[in-house]
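Subject: Handing over a structure

Dear colleague,

I am passing on the structure that follows, together with notes on what turned up in it. Please read the notes with the structure open beside them.

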Amino acid sequence: QIVVPHAADQMRQAQGVARCQVGLAIPPKEVTVDRLVAALAQALPDRSPLRVYAQTLQAEFDALGGVPAAADRLERFTAEDAKSAKEKGIGGRE
């Protein structure tokens, strides 16, 4: 990935991509054709370290159950939080 963040939480997401070494983050003010060409040259080769790290990360996510497992956990946590709030008498509709 080549990420050029522009708004909201995109900067944090871009930093995460770079920190995990699965892509490159380029600040908007630093984007030039030459910089993008260099980033593409770094990211596109089949055995690019960025691709290798991305494939490794994908395998780790898959081993944890991937998106379906994450969605199930989020639903469970949300339901538990709602139940806890209801028991405490907070967050309900009047």
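With which residue does arginine 35 form a salt bridge, and how far apart are the closest N and O atoms? The partner of arginine 35 is glutamate 30, and the closest N and O atoms are 2.9 Å apart; a salt bridge here is a side-chain nitrogen of Lys or Arg within 4 Å of a carboxyl oxygen of Asp or Glu.

Before I go on, please note that this is a predicted model, in which local features need pLDDT of at least 70 and side-chain atom pairs count only at pLDDT 80 or more, while totals for chains, interfaces and linings use all residues. Residues are numbered from 1 along each chain as its sequence is written, and side-chain values use heavy atoms, with hydrogens and water left out.

Salt bridges

The structure holds 2 salt bridges. In the one between arginine 35 and glutamate 30, arginine 35 is partly exposed at a relative accessible area of 34%, and glutamate 30 is also partly exposed, at 42%; buried means under 20% relative accessible area, exposed means over 50%, and partly exposed lies in between, all with a 1.4 Å probe and protein chains only. The other pairing joins the side chains of arginine 51 and aspartate 46, at 3.8 Å from N to O. Here arginine 51 is partly exposed, with a relative accessible area of 33%, whereas aspartate 46 counts as exposed at 59%.

Serine 48 sits in the loop between helix H2 (33-43) and helix H3 (49-63), where helices (H or I, at least four residues) and strands (E, at least two) are DSSP runs numbered from the N terminus. Serine 48 counts as buried because its relative accessible area is 2%. Leaving aside residues up to four places away in sequence, serine 48 touches Gln42 and Ala43, contact meaning heavy atoms within 4.5 Å.

In soluble globular proteins, nonpolar side chains tend to be buried together.

The largest pocket

The largest pocket has a volume of about 210 Å³, and its lining consists of Phe61, Leu64, Gly66, Val67, Ala69, Ala70 and Arg73. A pocket, on a 1 Å grid over the protein atoms alone, is an open set of points where a 1.4 Å probe fits, with protein on both sides within 12 Å along at least five of seven lines, and lining residues have an atom within 4 Å of a point. Helix H4 (residues 66-88) supplies the largest share of this lining, 5 residues. By class, the lining divides into 5 nonpolar, 1 polar and 1 charged.

Two backbone angles and two helix residues

Alanine 8, in the loop between strand S1 (2-3) and helix H1 (10-19), has a phi near 50 degrees, a positive value in a residue other than glycine, and is exposed, with a relative accessible area of 80%. Glutamine 21, in the loop between H1 and strand S2 (24-25), likewise has a positive phi, near 60 degrees, and is partly exposed at 37%.

Alanine 18 lies in helix H1 and is partly exposed at 34% relative accessibility; not counting residues up to four places away in sequence, alanine 18 touches Gly23 and Ala25. Leucine 74, in helix H4, is exposed at 57%, and its C-alpha atom is separated by 28 Å from that of alanine 25, 49 residues apart along the chain.

With best regards

Terms used. Points joined across faces, edges and corners; volume = space filled by probe spheres on them. Nonpolar A, V, L, I, M, F, W, Y, C, P; charged D, E, K, R; others polar.
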